[in-house]
Structures are given as C-alpha cells and as structure tokens.
Amino acid sequence: MSKTIDTFPGARFYKTDLHIHTAASKCWRDQRDAGSLKRLFQSLKTNGIEVVAITDHNSVENLDEAKRIGKEFGMWVYPGVEVSTKEGHVLAIFDPGKKTRDIEDWLTRMGFTSDVRGLDSTLARGQENEQLSITKVFDLIEKEGGVAIAPHPNSKGLGFLEILKQKGTARQEAYHSRNLRGLEVGKDRENIMKLASGGVSGYKKKYACVSFSDAHSPAEVGEEFTYIKLGDFGIGALKQALYDPAMRIRFADQWPPKSHAWIQSVEVSQGFFKDTPFYFHPDMNSIVGGKATGKSLLIELIRFALAAVSPISDIMEETSSKISALSCLGEGGTVTLHVMSDNGERYRIQRTFSDFDEGSEIYYADTQTKAAEQVSEIFPCIVYSQNEIIYLGKNLPALLDWLDSFIDISNEQGEAARLRKQIEHLLTELDSANADASQEVLLETRLKELKDRRELLNEKIKDPILKQFPLWQKESRLLRSYKEAIVTLRKEVQDFFDNIAIEERFEDPEMDTPNATNIVSKRNELLFLAKQFSKAGASLNQAIESAEEQLNKYVESWKEAFSKARERHDKTIKDAGVENASAITSELNKATTQIERVQKELQRAKKAAEKKSEIEANLRNQWIPKYNACFGEIYKKRVRKADSLTESLNAFVRISVRQMADRKDFTEAVKRLSRGSRLQMPELTAIAATMTPLELTKHITDQDTQGFAKRAGIKADKAATLIEHVWETSRDTEGNQLLSPLYGIMFTELRDQVIVELKVHDEAYKPMEELSVGSKCTAILSVALVEGSYPLIVDQPEDALDNPFVFEQIVKTVRRSKTERQYLFATHNSNVAVASDADLIYCLTATASRGNVDKHGSIDQLSTRDRVVVNLEGGKNAFALRSQKYDIEFDDPYAVVLSVSEED
C-alpha cells in the first residue's frame with residue numbers, strides 16, 4: 001500500500017519556477033564556469049522547486065544540459081526562451097518533448113542569430129527585418145506549439161504594459177491578444193491581478209497570473225515561485241493550468257492548503273473488483289464509464305466498509321442486496337480502505353460481508369492494533385447512494401436527521417441517554433417509594449384500631465369480675481361436690497344398713513354344749529340389735545334428707561347470684577372479642593406486638609413518602625431540566641449549523657430550525673394515553689399542540705385539573721376525565737399505583753423541525769414542500785457540498801438536480817472547496833467531471849463478471865481526456881456536432897472563463 005502513502009494518481013500542485021536564467025544569458029550575475037548550471041539546480045533543489053523552465057534571453061544554449069541535470073536532480077524541465085520585442089519581453093514555454101534545435105531554428109527565423117544569443121537588447125524581427133510587435137510574437141509562439149507568458153508586464157523598459165502605456169489602442173490590442181496565456185506578477189501583484197481579473201475599464205480579458213523568480217544567479221532562486229497543479233508535464237497540462245488558474249495556480253501566501261481527511265485507496269478481496277485496487281486523490285475524484293461498469297458498486301463498497309448508514313431504509317436494503325451478490329462481493333468478501341484523518345493519522349478500515357458481520361474494524365495503518373470502535377470516531381464521511389438525495393427530497397421529515405449528520409451532537413445525545421437511564425432508575429425507586437407511601441393511610445387506620453383494641457382490652461382486664469368469677473366457679477365446683485357427697489353418703493348408709501345380717505353374724509350354738517341354753521339366751525339378746533340398727537338407719541336417713549334439703553335451698557339462692565356473675569363475666573368477654581378471659585391477656589399481648597409492627601411499617605411508609613417527595617422534587621427541579629437542557633443544546637447547535645450553512649450558500653438555500661415544532665410523536669402519545677377515556681380528537685389535538693410533554697406530566701402528576709384545562713384550552717371535566725383515566729390505567733397487575741408511566745410521558749420527544757427554502761428569484765424563497773423534486777434535491781445537495789471538511793461521496797449527483805443547477809451549484813461549489821475536502825463522484829455528466837476540474841478521473845470498463853480501470857488520471861493527461869470525451873461527450877464527433885449546433889462565439893477561447901473572484 002506504499003502507493004497510497006507517498007503518492008496518488010492524478011494532478012497535484014508542484015512548486016514551479018518557469019522563469020530561470022543560466023549563464024547563457026549575458027546578464028547572468030554569477031560565475032560562468034563549468035559548474036554554474038549544476039550550482040543553479042542545486043539551489044533549485046534546496047528551495048524545493050520541482051518544475052522549472054529555462055528561459056535565457058533569446059538563447060537555448062544551455063537547454064539540453066539543463067534537461068540532463070534536471071533529470072539527475074529529479075526535476076521536470078520545460079524548454080523556454082525569454083524573447084525580446086520592441087514592446088517588451090515574452091516568455092515562450094514549450095513542450096518538454098520539443099527538440100532544442102527546433103527552438104533554435106525558430107529563434108533564427110526571428111533574427112536571433114548565434115552572435116546575438118543571450119542579449120536581451122536584440123529584438124525580434126520578421127523576414128523583412130522589420131521589428132516584430134509583441135502581439136506578433138505571441139502569435140508565433142502559439143504557432144510553434146508554445147505558451148506565451150508576459151513577464152513583469154509593468155517593469156520599466158521590459159514589460160509591454162509599461163512600454164505601451166502611452167499607446168492605449170496598441171496596449172489594449174496587445175493585452176487582448178488571443179495567444180497571450182498569462183501574466184507574471186511581482187511586487188506589483190495587486191495591480192496586475194486587478195487588471196487580469198477584468199476589473200479595469202478597457203481590459204476585459206481575464207488572465208492567469210503567475211509569480212516566478214526571473215533568477216539570474218543561484219542565489220536568486222526561490223525568491224518567487226508559484227504552485228501549479230499538473231497531471232502531466234506536456235505543454236497541454238500547462239495550458240490547462242493557465243486556462244483555469246482558480247483551480248490550478250496558488251501563490252506562496254496561499255500555501256499550504258488546509259489538510260483534510262481523505263480516502264487513499266479501496267481494495268476488495270473478491271467479486272467484481274477483485275485485484276482492481278483504486279487509489280484516490282485527496283481532492284476531487286470522478287468515476288465515469290458506461291452502464292454496468294461498476295460505478296455505483298464502487299460507491300456501495302466504500303459505503304459498506306465505512307458502515308455509513310442511510311436514514312432511508314430502502315437505500316440500505318438496496319445496498320445490502322448489491323453487496324450480498326457473489327458477483328459483486330458476496331459472503332466472505334472483504335472491503336479494505338486506507339484513509340488519512342484530518343490530523344494526518346493513517347488508518348486501515350476493513351469489513352467482511354457475512355452472517356456474523358459485526359461492522360467495520362478500524363486499525364492503525366500497517367498494524368493489527370485497534371484504533372476505534374466506530375468509523376465515525378476517527379473518520380466521519382457522508383455517502384449518498386444513487387437516488388438517495390431524491391429520496392430525501394421526497395421525504396422531508398428525514399431532513400432533521402440529514403441536518404444532524406453535519407453536526408456532532410453525540411455528547412448531548414450521550415448525556416441525554418445517561419440522564420434518561422438515571423431518571424428511569426429514579427422512576428423505579430419512585431414506584432417502590434410510592435407503593436410503600438400509599439400504605440400510610442391504611443396503616444394509620446390500622447394503628448388506631450389496634451390502639452383502640454388495646455385500650456379496650458386493658459379496660460376489660462381491669463374489671464373485678466374477671467378475678468372473682470374463677471372463685472364463683474370454684475364455689476360451684478364445691479357445692480356440686482357437696483351434693484354429690486350427700487348422694488354418695490345416702491347410698492353408703494343405705495348399703496351399710498342393707499348389708500348388716502345380724503343373724504348371720506351370731507351363729508346358733510349347738511345344743512349339746514354345756515351352756516347352750518345360756519348362750520341361746522345371749523344370742524337372742526344380740527339379735528335385738530337388728531331393731532336398733534333399723535331405727536338408727538331410718539333416723540340417719542332422715543338427718544341426711546334434712547341436710548340435703550337445706551343444702552339445696554342454699555344452692556338455689558347461690559345459683560341466682562352465680563348467674564348474675566356469669567352474665568357480667570360473659571359480657572366482659574364478649575365486649576373484649578375473645579372466647580374466654582384468659583384470651584384477653586393473650587390478645588392484649590398480640591395487639592401490643594401488632595401495634596409495634598404497624599408503627600414500624602407506618603414509619604417506613606412515612607419515610608417512603610418523604611423519599612417519594614424528594615425524588616419527585618429532584619426529578620422536577622434537577623434531572624428533568626438537565627435532560628431537557630440536552631435537547632436545548634442540540635437545538636442551539638442545529639440553529640448555529642443552519643445559520644452557517646445559509647451563510648456558506650450565500651443564502652441561495654435558507655435553512656432554519658423551529659424548536660420542538662414536530663409534534664407528531666407527541667400527538668400519538670397523547671392518543672395512547674387517552675385510549676379508553678372517550679376524549680375526542682379536538683381535545684387530544686389541543687393538548688398536544690399547546691403544551692410540552694413535561695408540562696403534561698406535571699399537570700397529570702399534580703392532578704391539576706384547572707391548570708390543565710386552562711393550559712390546553714379544554715373543559716375542566718374533560719381534563720379531569722383524562723387525569724383520572726391516566727391515573728387509573730397506571731397500575732400494576734396487583735392494583736398498585738405506578739408513577740413511572742406518568743413521568744414517562746416526558747420522554748416523548750418533541751423533535752425540532754428543519755425548514756429548508758430555496759431562493760427562486762431575487763429575494764423570493766420557496767419552502768421545500770412547494771418545490772419540484774429537482775429543486776428540493778438542489779437544496780439538499782448544495783448543503784452537502786459546503787458542509788464539513790470530511791469526504792463527500794455521491795453517486796450521480798446530477799440525477800438529483802434540475803440541469804441549470806449542475807454547473808451553478810455542484811461545479812462552482814466543488815471548485816471553491818475541493819482543496820479543503822475530498823469529493824468522490826460517480827457521474828455521467830461532463831460538467832461534474834470536467835468543469836469542476838477533477839484531479840483524478842477513473843474511466844471504467846467491464847466484462848460480464850469483472851470490472852476494470854480503462855484509464856485514470858487528470859483531464860490534462862491526453863489518454864484520460866480521450867476516454868472522458870468518449871464516456872461523457874459521446875466522442876469527438878458528437879462533441880463537435882453539439883458545438884456547431886450551439887454556435888456559441890467566444891471573444892477569446894483561450895481566456896480564463898472563471899476567475900478567482902468568480903469562484904468566491
């Protein structure tokens with residue numbers, strides 16, 4: 001890739017001095033030894049002179065040796081002569097291929113015989129030995145195939161303007177000679193250039209002006225010089241520079257041109273342009289060729305490598321379709337660009353087409369070190385595919401994105417994105433805080449209920465009945481045991497007496513015992529006890545019955561008192577809301593625990609409410625204003641750029657920006673908000689037209705019905721309906737109120753609106769929507785041409801324009817700015833390629849499957865010029881026929897058409 005680093009094809013500026021003398025001039029002011037010529041060229045080399053003309057006075061004595069030494073020093077040498085006439089000197093510059101002996105013969109025919117060579121006092125003469133006028137010498141130089149330049153025209157005794165100043169007619173005639181091609185300037189540069197620009201009455205012809213040293217010694221070399229743009233070193237290339245000085249001639253104080261970014265080369269690994277590298281010029285490049293020669297494909301390959309995205313989806317789809325075809329690039333194909341940034345850093349940008357394409361890869365040149373993630377970070381570039389400008393002209397809303405492509409709003413957009421992310425995080429916190437804060441009223445109510453219950457329980461637990469009633473219950477159990485004991489006692493007494501068998505206890509004695517009679521008597525006495533036991537049992541039963549009767553009477557009276565105690569006890573339990581007395585204490589403890597828990601929850605809810613208020617205050621007073629300020633800064637940048645573009649285009653196109661004027665997205669957002677609210681379109685339109693998203697957010701979040709209605713100019717009930725509807729529909733699935741959707745309304749962008757107007761005549765302007773597509777495109781392309789210093793690549797820009805504007809807008813604009821910006825145009829329009837003085841023209845040819853470069857170079861290279869004539873003019877015969885048809889006569893076909901002043 002060294003070719004892209006050191007050189008580039010096409011025309012470039014050379015440091016030039018076409019007025020150099022050697023020792024062959026009698027007025028040489030240095031030693032006349034054998035080494036004088038070499039010392040002269042050493043001085044030229046030291047001073048950086050690249051192209052010279054040896055112009056001795058009426059002599060070509062040292063010309064051949066100068067050519068040889070010049071070649072040794074790497075310089076291009078034009079053969080020349082400074083011819084003396086009765087009306088001043090003339091520089092005659094010839095093609096480098098012209099033989100010295102032919103020039104010598106020519107000098108001889110003008111009377112400059114060998115004995116007078118080198119003298120500036122000998123004057124040119126005709127065949128009749130008459131002194132030749134300077135005008136005649138101009139003609140003879142032209143006839144001999146040379147270029148005539150008037151050196152130091154105001155120099156006393158040497159310049160024709162000075163010599164002829166007393167002869168106005170002759171002076172004007174000489175000035176308007178068809179064969180005088182340029183004027184040399186010196187310290188009188190300002191006056192001569194005013195004259196040469198047609199700014200002096202009676203002198204309407206415009207000339208190229210050059211500044212040369214007129215060196216008569218090595219020491220004088222470098223005092224004056226001119227930068228001349230050449231693509232070839234033939235005499236035709238020099239003529240091109242003199243025809244078009246605005247493009248091809250620069251003085252020392254106009255150098256160096258401002259550096260700018262440019263694409264050095266493009267290569268593809270496969271497909272249509274495989275093994276066909278393109279090396280571009282830093283300034284103006286044109287790509288010409290017939291149909292299907294790959295002009296548009298080359299543009300698309302560059303666009304693909306640069307990842308230059310179009311706002312028009314159809315364009316990007318078409319680009320992708322072209323690139324994906326194997327015949328063009330296809331799967332696995334790589335496009336590699338070598339580029340130079342505006343700070344002189346070289347990069348390699350490459351991109352491979354595949355299903356895994358992750359975009360462009362950017363490396364420092366000749367390394368594998370990544371330089372950036374995005375091409376735009378180091379090498380911004382504007383690319384318009386074929387018909388893309390027409391798309392833009394038809395789709396005016398895209399104009400905002402179009403204007404933004406000319407300014408850097410990445411910092412503001414990045415800051416807005418950062419702030420939006422922070423705001424969205426705050427909104428999440430706000431929803432959480434609001435969810436907690438919304439429990440405050442419920443928790444307050446719950447806490448009061450618990451405290452009331454605790455107070456009730458405390459009151460009930462202090463009632464004496466709760467302590468007495470267990471004793472009543474104890475008495476109940478005791479009395480019940482008494483009753484049970486009497487029953488038991490009765491049964492035991494009954495059982496006791498029923499079970500006493502007296503006779504069985506006293507056994508009958510046997511009668512054969514000695515005391516049987518007495519024992520029987522005693523036994524009978526004992527059996528009397530049975531009667532006594534029977535009486536005792538009846539008496540005891542009677543006593544038990546009496547005792548039981550007394551007990552029952554007491555129990556009945558006790559039960560009445562017990563029932564009253566029970567009623568009081570049960571009422572106390574019931575009022576406490578528990579099942580039993582012991583539960584009151586448990587419930588009291590539970591209520592106390594619940595109170596503590598609710599108090600904590602209430603405290604958290606209050607803190608959440610404070611946090612909610614704090615977040616809302618921060619959102620409204622800090623974050624949202626900062627967020628909106630980003631768009632305010634973007635608007636300011638847009639306005640500054642619009643004003644700058646209008647000024648750059650001399651108000652031919654007038655661009656203005658209306659802040660937040662595009663409310664389409666906001667209107668749609670309002671419609672979505674109101675869906676289901678039954679509000680009608682007039683109200684919705686009024687809301688979207690009269691307030692900003694931030695204002696709408698504030699009215700809704702504040703539930704400011706009256707303020708909302710007044711601001712929007714709608715009825716209060718309609719405003720209330722919408723506010724209520726938005727609040728009601730901003731809930732989660734559990735019914736919790738969400739504030740983030742309400743505040744999220746503010747993120748709806750009110751886009752700025754770009755107004756582009758074209759001057760149609762005098763001071764009258766028409767807005768874009770009233771223009772033809774061609775006029776719309778003229779406005780868009782005019783802006784693209786003057787905006788920025790980064791490369792502009794356009795596929796057939798002439799297709800988008802009305803024909804009169806191709807020259808007026810494209811050509812003139814490119815001519816003004818191409819030394820400060822790289823242009824790359826695929827075109828079939830001769831004005832675009834030729835009149836803009838393309839520094840490099842690629843002429844493409846192709847077979848069915850391969851594209852090739854037929855010729856490439858600048859228009860002053862004959863081989864390139866011939867192919868351009870075929871491609872853009874239809875050939876020489878076609879061009880000649882049109883010239884005859886136009887039948888346009890020119891005062892001087894060799895005069896400068898566009899002067900520097902007309903380029904400005």
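Which residues in α20 meet which residues in α21? In this predicted model, E525, L526 and L527 of α20 are in contact with L529, A530 and K531 of α21.

## Helices α20 and α21

Let's start with that pair. Helix α20 covers residues 516–527, and helix α21 covers residues 529–576. Their axes come within 4 Å and cross at roughly 10°. Angles under 35 degrees count as roughly parallel, and α20 and α21 are therefore roughly parallel to each other.

Some of these residues also take part in a surface feature. F496, L526, L529 and F533 form a nonpolar patch on the surface, and together they have about 330 Å² of accessible area. F533 lies in helix α21 and counts as partly exposed because its relative accessibility is 32%.

## Helices α11 and α12

Now for a pair with another kind of crossing. The axes of helix α11 (residues 295–306) and helix α12 (residues 313–324) come within 10 Å and cross at roughly 105°. That makes α11 roughly perpendicular to α12. On the α11 side the contact is made by S296, E300, L301, R303 and F304, and on the α12 side by I315, M316, T319, K322 and I323.

M316 is worth a look of its own. This residue of helix α12 is partly exposed, with a relative accessible area of 25%. Setting aside neighbours within four places in sequence, M316 touches R303, A308, V309 and S310. The C-alpha atoms of M316 and E388 are 9.8 Å apart, although 72 residues separate the two along the chain.

## Salt bridges

Side chains of opposite charge can pair when their charged atoms come close. Here the count comes to 56 salt bridges. In one of them, the side chains of R638 and D752 meet at 2.8 Å, N to O. This pair links distant parts of the chain, with R638 in helix α22 (residues 581–648) and D752 in strand β19 (residues 751–761), 114 residues apart. Both R638 and D752 are buried.

K818 and D837 form another salt bridge, at 3.8 Å from N to O. K818 sits in the loop between α30 and β22, D837 in the loop between α31 and β23, and the two are 19 residues apart. K818 is buried, as is D837. Both also belong to a network of salt bridges that links K229, R248, D283, K818, D837, D839 and D860.

And what about R865 and D866? They form a salt bridge too, with the closest N and O atoms 3.4 Å apart. R865 is partly exposed, with a relative accessible area of 34%, and D866 counts as partly exposed at 30%.

Notes:
Residues are numbered from 1 along each chain as its sequence is written. This is a predicted model: local features need pLDDT of at least 70, side-chain atom pairs count only at pLDDT 80 or more; totals for chains, interfaces and linings use all residues. Side-chain values use heavy atoms; hydrogens and water are left out. Patches are made of residues with over 30% relative accessible area and no salt bridge: like charges are joined within 9 Å, nonpolar side chains (Val, Leu, Ile, Met, Phe, Trp, Tyr) within 5 Å. Accessible areas come from the Shrake-Rupley method with a 1.4 Å probe; for residues, only the protein chains shown count as cover. A salt bridge is a side-chain nitrogen of Lys or Arg within 4 Å of a carboxyl oxygen of Asp or Glu. Buried means under 20% relative accessible area, exposed over 50%, partly exposed in between (1.4 Å probe, protein chains only). Axes are lines fitted to C-alpha atoms, for helices over the stretch in contact, and angles run from 0 to 180 degrees between N-to-C directions. Angles under 35 degrees count as roughly parallel, over 145 as roughly antiparallel, 65 to 115 as roughly perpendicular and the rest as oblique. Contact means heavy atoms within 4.5 Å.
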